[in-house]
Amino acid sequence: MPAMLICDQYAVAVANGLAADVLAAAGMVAQRHQFGMLLQRLRVERTPDLLAAAHAALVKRLGDAQRRRLVRLDGRRSDEVVSVALAWWLDATCPACAGVRWRAKDHRLTGSVCPACHGSGVRSLEGVGERWVIVQVEDVVSRAEAAHHRAAAGLGGGT
């Protein structure tokens, strides 16, 4: 059986109230990687409060990046860009094929790839702003994930 990622262990621990080491490591990591841990929690438990906090933080980051001319939105509002990007990050599955990558006919998969996602199973993400937000999210989450893994390993609960 393959080893579970820290985010998977965290999800199981939250859902079942188990794995004290994983939860303790999350608490330690949250001090330095608060936003990354918030995003990981958002993937596990999509509450309106967590979604609003993540959205607000990303809008602020995107606004700062715009002011520093790191990203252009071509007249689009930053809160709309963040909403699209965050929704995509939380569920990038192609709605046309439900992620199976093939066109369906009469409840059976055909031999032709899904025209909406071109066989990737993932819906497209348009716009430089949205892609910039996704890069930021993935960076923050990967840093928190790495720190969480190191902390959990230090407590004896590592993978």
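The model is a predicted one, so local features are taken at pLDDT of at least 70 and side-chain atom pairs at pLDDT 80 or more, while totals for chains, interfaces and linings use all residues. Residues are numbered from 1 along each chain as its sequence is written, and side-chain values rest on heavy atoms, with hydrogens and water left out.

The chain holds six helices and two strands, taken as DSSP runs numbered from the N terminus (H or I, at least four residues, for helices; E, at least two, for strands). Along the sequence the order reads α-α-α-α-α-β-β-α. Of the 159 residues, 33% are buried, where buried means under 20% relative accessible area, exposed over 50% and partly exposed in between (1.4 Å probe, protein chains only).

Helix H5 runs over residues 78-90 and reaches 18 Å from first to last C-alpha, close to the 18 Å expected at 1.5 Å a residue; the expected span is 1.5 Å times one less than the number of residues. Its buried residues include Val82, Leu86, Trp88 and Trp89. Val81, also in H5, has a relative accessible area of 0%. Leaving aside residues up to four places away in sequence, Val81 touches Leu62, Leu73, Arg76, Gly129, Glu130 and Val133. The C-alpha atoms of Val81 and Glu126 are 9.8 Å apart, although 45 residues separate the two along the chain.

Strands S1 (residues 102-105) and S2 pair in the antiparallel sense over three bridges, pairing being called when DSSP finds at least two bridges. Ala104 has Leu109 as its bridge partner in S2. Two residues sit between the strands, and Asp106 in the turn has a positive phi of about 55°.

As for the cysteines, the disulfide count is zero, with a cut-off of 2.5 Å between cysteine sulfur atoms. The closest cysteine sulfur to that of Cys94 is in Cys97, at 3.8 Å, too far for a bond. For Cys97 the closest is in Cys117, at 3.8 Å, again too far. Cys94 is buried at 2% relative accessible area, and Cys97 counts as buried at 9%.

Conventions
Contact means heavy atoms within 4.5 Å.
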